[in-house]
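Student: I am new to this structure and would like to go through it step by step. May we begin once it is shown?

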Amino acid sequence: MKCTIYMAVSINGMITHEQTDSDWVSEADADLFEKSCMDAGCALIGRQTYDQHEGAIYPLPDIPNVVLTSEQREDRDNVYFVQDFDSAMAKITELGCERFAAVGGAQITKQCVEAGLVDHISVSVHPYIFGEGRPFFDDFKGRCDLKFKGVKFQDNEIIVLDYEILPKQ
């Protein structure tokens, strides 16, 4: 199983303003974000991200949405709630997905990288600097070597950087 990370960030690498606010993410980002998720065929989403954007972005249509949460919730339609990372990986495997997009939460992206699942990262850079917020890779202690794959300019508003994660040597 492989993972694509798609993340909107400020130019100083924050994925939220203050603790949970991601309402600053550009509308121009929406099409690229959705395409990345649809291409992957499954989305792994943190509970705070899911709850903040439920009804607006989530659930993503036509693909499984696996939500990582410590809360007990009932699955519905194409949304599956799991309590830990291992359960999330088991659910994605059970659903027959060979690839998924990790789209919300610094802890989720960190766990995916540490598990060696990530082979592609898209970073959507927005024109903001936040003094407080959550960093893209919160508390990551490892190292990943990346290969630049390309850049996209979206509506003269954001820049999307694409990277491949190189195998560990």
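Tutor: A salt bridge is a side-chain nitrogen of Lys or Arg within 4 Å of a carboxyl oxygen of Asp or Glu. The model is predicted, local features need pLDDT of at least 70, side-chain atom pairs count only at pLDDT 80 or more, and totals for chains, interfaces and linings use all residues. Residues are numbered from 1 along each chain as its sequence is written, and side-chain values use heavy atoms, with hydrogens and water left out.

Student: How far apart are N and O in the salt bridge of Arg73 and Asp51?

Tutor: Side chains of opposite charge can pair when their charged atoms come close. The side chains of Arg73 and Asp51 meet in this way, with an N to O distance of 2.8 Å.

Student: How many residues apart in sequence are the parts that Arg73 and Asp51 tie together?

Tutor: Helices (H or I, at least four residues) and strands (E, at least two) are DSSP runs, numbered from the N terminus. Arg73 lies in the loop between E3 and strand E4 (79-82), while Asp51 belongs to helix H2 (residues 47-53). The pair therefore ties together parts whose separation in sequence is 22 residues.

Student: Is Arg73 buried, partly exposed or exposed?

Tutor: Buried means under 20% relative accessible area, exposed over 50%, and partly exposed in between (1.4 Å probe, protein chains only). The relative accessible area of Arg73 is 24%. Arg73 therefore counts as partly exposed.

Student: Which residues are linked with Arg73 in a network of salt bridges?

Tutor: Glu71 forms a salt bridge with Arg73, with the closest N and O atoms 2.9 Å apart. Glu71 is partly exposed at 32% relative accessibility, and Asp51 is partly exposed at 29%. The network links Arg73 with Arg47, Asp51 and Glu71.

Student: How many salt bridges does a search of the whole structure find?

Tutor: One of the salt bridges joins Asp39 to Lys35, with the closest N and O atoms 2.7 Å apart. Asp39 is exposed at 53%, whereas Lys35 is partly exposed at 49%. The search of the whole structure gives a count of eleven.

Student: In which helix do Asp39 and Lys35 both lie?

Tutor: Asp39 and Lys35 are four residues apart, about one turn of the helix. Both lie in helix H1 (residues 29-40).

Student: Which residues gather in a patch of negative charge on the surface?

Tutor: Patches are made of residues with over 30% relative accessible area and no salt bridge: like charges are joined within 9 Å, and nonpolar side chains (Val, Leu, Ile, Met, Phe, Trp, Tyr) within 5 Å. Lys and Arg count as positive and Asp and Glu as negative, while His and the chain ends are not counted. The place of a charge is taken as NZ of Lys, CZ of Arg, CG of Asp or CD of Glu. The patch of negative charge gathers Glu27, Asp31, Glu34, Asp62, Asp155 and Glu157.

Student: Phi of Asp155 is near what value?

Tutor: Asp155 is found in the loop between strand E7 (146-154) and strand E8 (158-165). Asp155 counts as exposed, at 55% relative accessibility. Its phi is positive, in a residue other than glycine, and is near 50°.

Student: Which element gives the most to the nonpolar patch?

Tutor: Phe148, Val151, Phe153 and Ile159 form this patch on the surface, with about 400 Å² of accessible area together (Shrake-Rupley method, 1.4 Å probe). Phe153 lies in strand E7 and is exposed, with a relative accessible area of 62%. The element that gives the most, with three residues, is E7.

Student: Is Asn65 buried or exposed?

Tutor: Asn65 has its place in strand E3 (residues 65-68). A polar atom of its side chain lies 2.8 Å from the backbone nitrogen of Leu60, and a polar atom of the side chain of Asn65 lies 2.9 Å from the backbone oxygen of Ile63. With a relative accessible area of 0%, Asn65 is buried.

Student: Which kind of peptide bond joins Tyr58 and Pro59?

Tutor: Pro59 has its place in the loop between H2 and E3. Omega of the bond between Tyr58 and Pro59 is about 0°. The peptide bond is cis.

Note on methods. Polar contact = N/O pair within 3.5 Å; in protein donor to acceptor, adjacent residues only side chain to side chain.
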